[in-house]
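Hello,

Here is the structure for your files. My notes follow below it.

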Amino acid sequence: MRDEATFKVKAGLAEMLKGGVIMDVIDQEQARIAEAAGACAVMALERVPSDIRRDGGVARMSDPEMIQSIQEAVTIPVMAKARIGHFAEAQVLEALEVDYIDESEVLTPADEANHIDKWPFKVPFVCGATNLGEALRRIGEGAAMIRSKGEAGTGDIVEAVRHLRTINGEIKRLGGLSEAEIATAARDNAAPLELVRAVAASGRLPVVMFCAGGIATPADASLVMQLGAEGVFVGSGIFKSADPEARAAAIVEATTHYEVPERVLRASEGLGAAMDSIESRKLDESELLSNRGW
Amino acid sequence: MNGVPSPRASGEQITVGVLALQGDFEAHGAVLKRLGAEVREVRVPADLDRLDGLVIPGGESTTITLGIEREQLGDPLRAFHAAGKPIFGTCAGLIMLDRDHLGIIDVRAERNAFGRQVRSFEAPLELGLEGGPVEAIFIRAPWIAEHGPSVEILAEVEGHAVAAREGSVLVVAFHPELGDDDRVHALFLQSVSDARLTAA
């Protein structure tokens, strides 16, 4: 009678997150601040991306005890990250009953050839993408939500903009293609033909797409929403800023009213300093996170 | 659409608002447009002007609660209801309308009552609509734990109330906006049409 964990139910939770802000948190106190500021979900992790960059070393799934303590602290959905291809970490997160698993390039990849086969899991997955082919490969593997990758932990929005514009530009171009050309586009993008066909017909991804990687201000959130993101992930941008409570609430407000400059203006006032940032183009190739995964 | 009468039977265009602070308001808008209604997204009190009915969508109830406070929408929403305008809440929308939140329907919702996301489910649900059960999608869904005498319970899952009506207010714990079965929205739009005729 009851049919649990169908794709509709997995993709449906992402629908419920739309227009919202998902915030990285590392402990109960941050989780409570995020919830009180209006976050629609939190991402529980031991180190935010900017700290992972600074510390170096292998970044793994967070301590389950820490994730559990965050699940106990808030009533909004709790997400957690597994390494690319590390299906055993994902199994642990499923046993913990997190609400969403992020198979994330922010952690050190565990498999350089294969992403996790996400279909057998009851917990839905969100995955990063830099272009349409990558997004559709992840959806083909069972992802129920996509986030454009950006360059996590930099506070630089330029890569997020590049990835959003790339994905949406590629979707638009599919619209004008004939059936024969769609088959070629599927081959060129290394994406499942059925999904390419569906995107060409509907003019959108078959799942919700958020934006991640580099959002540090209310205006950044407004920018990516105007470029077609359906919600935002903010990692280091909130709790590495001078006034996390105020900045968190301001980014939530700007995400709701992204089309109204007066509201984004009001949200931007009096927030103190943003996070310390790094210009993405000054990063060495080996320091980039967005080129992990294929 | 399985033979549901058009909500435009009155011949007048009706305009329905969808609270758009956060959540799946676009999905509701798409269904309402499919059924012939004019749709307006509501984010501030002025957006409620001259609407015939309102939908409060699914989403994160904490986020939407905070948004209603920030935008000072509580009193305007209660006034909208007091004016006899129909309101339809799904999932988080049901929670927003209950005793502990806007106090617009005399029920108490239990949040995340069915459990975390791994317990989210689909099930056929009998609502007494022509055409048989609806395929109901429950996502971290609430149920109605208590209700007053003037509330009519329309459906239950495993003994828990998941759909109810009181006067012009309709609430469901599931997401009729996510499927392609428009009958629950058609039921709501019929009440919007009726309320307009009564008011006229």
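**Chain B, then chain A**

Chain B holds five helices and eleven strands. Helices (H or I, at least four residues) and strands (E, at least two) are DSSP runs, numbered from the N terminus. The radius of gyration of chain B is 15 Å, close to the 16 Å from the globule rule for 200 residues, so chain B is as compact as a globular protein of that length. That radius is taken over C-alpha atoms, and the rule is 2.2 Å times the number of residues to the power 0.38.

This is a predicted model: local features need pLDDT of at least 70, side-chain atom pairs count only at pLDDT 80 or more, and totals for chains, interfaces and linings use all residues. Residues are numbered from 1 along each chain as its sequence is written, chains are lettered from A and ligands numbered from 1 in the order written, and side-chain values use heavy atoms, with hydrogens and water left out.

Along its principal axes, the C-alpha box of chain B is roughly 45 × 40 × 35 Å. Of its 200 residues, 56% are buried (under 20% relative accessible area, 1.4 Å probe, protein chains only).

Chain A has 13 helices and nine strands. Its radius of gyration is 18 Å, close to the 19 Å that the globule rule gives for 294 residues, so chain A is as compact as a globular protein of that length. The C-alpha trace of chain A spans about 55 × 45 × 45 Å along the principal axes. Buried residues make up 60% of the 294 in chain A.

Best wishes

Methods. Buried means under 20% relative accessible area, exposed over 50%, partly exposed in between (1.4 Å probe, protein chains only).
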